[in-house]
Amino acid sequence: MNFDTSENFALKMDNSDPLKDFRNHFYFADKNTIYLDGNSLGRLPLKAKNLISEITQTQWGNQLIESWNSHWYEKPVELGNKIAPLIGANEGEVVVSDSTSVNLYKLAHAALKYNSVKTRIVSDVFNFPTDLYILQGLLKEFGPSYHLTLAQSSDGISIDLKDLKEKIDENTALVVLSLVAFKSSFLYDAQQITDWAHKKGALVLWDLSHAAGAVPVELDKTNADLAVGCTYKYLNGGPGAPAFLYVNKKWQEKLASPVQGWFGDNRPFEFDLNYQPAEGIRRFLAGTPPVISLMTIEPGLDTLQEAGIKNLRKKSILQSEYFLFLTNEILAGLDFTSGSPTDPEQRGSHISLKHPEGYRICQALIHPQKNAPKIIPDFREPDNIRFGITPLYTTFGELRETIFRLKEIVTTKEFENFSATRKVVT
Ligand SMILES: Cc1ncc(COP(=O)(O)O)c(C=O)c1O
């Protein structure tokens, strides 16, 4: 595709975009805000907005406890089955529960117990900190013979695959990686890593938080073992919505959750005093889910399903390439460097631009002082401005406007009006 920098070109791209109508499925409080959060929270689906009132009024308000049977009890499994096709899993392999951190704990613990003659865990320096914290906690729990080793990056953008493969040795019980790295957007070749780990007798646990709904994931095709991920990013499930976990059918009866809660029991309402794990994926549930947040995940999943993950990926790549083209054309000489892989096959659906004044530039985008649009990316230390491309609602026009606004903020030094002291949430 030959891109150009004109407004007309962006307009033409938006008009001919086959997914353009999906933007109407989302709530826009202010048409002048460009939302490119990268991606810590997806936009609110209109259906979810209405559903929240229905759940509180009809299900909770009117039907009270009866709603457990009619609407709520089966939802973790039903939603898991709706997430499954988005991540290349089969029915009965995915369930919605807890947070990503807790799910990672449950599955990593189960894998270490199963593979108990091996004592090494391998991850990488790009993994999300919570994943590493959970693994560090497991080391304490499993004892001093256990070690966590991190594969390195020589360019800060991609993981050195040779280093990773060398670290996965015969003593490796478990490999835990984010399929898409939260800062740089580096995307692993899942097949290659899974094959290598399996050859060494290790299980692989993927964190799909930045991948689910953003890139096609093929868990069953790649013979994956385990995965976790959140629902509030590209799945548009809402702030703090419960996460999901995946356990390949081949492992479900072999692995045990360390959190033996009653929702994972075979017959919770028999109130037996001894735990009996449920059959299948249910055994990885723990306790009562946060029902309102759980229920409001569904509209986002339905929208993604309708748009089709392959179509979304096609648009995401096109928009990312356009964004990088504009970066090169318009921002040259302004101290921006790309913090993401240049090859789209190795990149998720967000792009990091690095700048020494990244934080203050971010603040200037979010708090414009003139008639400029409000633009919301996010910031990741030390200097990454992270732009999430969400093909369900991102337009080419918005991407173009963002690049020209970045140019304005840097050339006029507008960012100097802002403090570099970080807010709590960046
Ligand atoms: C890759 C990744 N894993 C895990 C988490 C944390 O998930 P949770 O807060 O649901 O435990 C995040 C949060 O942004 C993330 O980006």
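A polar contact here is a pair of N or O atoms within 3.5 Å, and within protein one of the two must be able to donate a hydrogen and the other to accept it. Keep that in hand as we walk through this predicted model.

**Two residues of strand S5**

Let's start with Thr172, which has its place in strand S5 (residues 172–178). Its side chain makes a polar contact with the side chain of Asp169, at 2.8 Å. Is Thr172 buried or exposed? With a relative accessible area of 0%, Thr172 is buried, because buried means under 20%. Setting aside neighbours within four places in sequence, Thr172 is in contact with Asn115, Lys118, Arg120, Val122, Lys167, Lys200, Gly201 and Ala202.

Leu174 lies in strand S5 too, and Leu174 is likewise buried, with a relative accessible area of 0%. Not counting residues up to four places away in sequence, the residues that Leu174 touches include Ala108, Leu112, Ile121, Val122, Leu203 and Leu205. Asn115 is 59 residues from Leu174 along the chain, and 8.1 Å separates their C-alpha atoms.

**The seven-stranded sheet**

Strand S5 belongs to an open sheet of seven strands, in the order S2-S8-S7-S6-S5-S3-S4, with mixed pairing. Which strands stand at the edges? They are S2 and strand S4 (147–151); each has a single partner strand, so one side of each is left without a neighbour in the sheet. On average, neighbouring strands of this sheet are turned by 20° against each other, direction ignored.

Strand S3 (residues 120–124) pairs with S4 in the parallel sense over five bridges, and Ser123 stands opposite Leu150 in S4. Helix H6 (residues 129–142) packs on the sheet, where it touches S3, S4, S5 and strand S6 (203–207). The direction of H6 makes about 155° with that of S4.

Another helix to look at is H4 (residues 75–83), whose buried residues are Lys75, Pro76, Val77, Leu79, Gly80 and Ile83. These buried residues pack against helix H3 (67–72), strand S2 (94–96), strand S8 (244–247), helix H10 (291–295) and helix H11 (298–307).

**The four-stranded sheet**

Another open sheet has four strands in the order S9-S10-S13-S12, with antiparallel pairing. Strand S9 (337–338) and strand S12 (378–380) stand at its edges with a single partner strand each, so one side of each has no neighbour in the sheet. S12 pairs with strand S13 (residues 384–388) in the antiparallel sense over three bridges, and Ile385 in S13 is the bridge partner of Phe379. Across S9, strand S10 (350–354) and S13 lies helix H12 (residues 309–330), running at about 15° to S10.

**Around the ligand**

What surrounds the ligand? The residues are Ser99, Thr100, Ser101, Phe128, Thr130, Asp131, Ser178, Asp207, Ser209, His210, Tyr232 and Lys233.

| Residue | Part of the residue | Distance to a ligand oxygen atom |
|---|---|---|
| Thr100 | backbone N or O atom | 3.0 Å |
| His210 | side-chain N or O atom | 3.2 Å |
| Lys233 | side-chain N or O atom | 2.7 Å |

On its own the ligand has 400 Å² of accessible area, and the protein covers 84% of it.

How values were computed: Residues numbered from 1 in each chain as written. Predicted model: local features only at pLDDT ≥ 70, side-chain atom pairs only at ≥ 80, totals over all residues. Heavy atoms only, no water. Pairing = 2+ DSSP bridges. Contact = heavy atoms within 4.5 Å. Axes fitted to C-alpha atoms, helices over the stretch in contact; angles between N-to-C directions. Near = heavy atom within 4 Å. Areas by Shrake-Rupley, 256 points an atom, 1.4 Å probe, with all protein chains shown as cover. Buried < 20%, exposed > 50% of the residue type's maximum accessible area, 1.4 Å probe, protein only.
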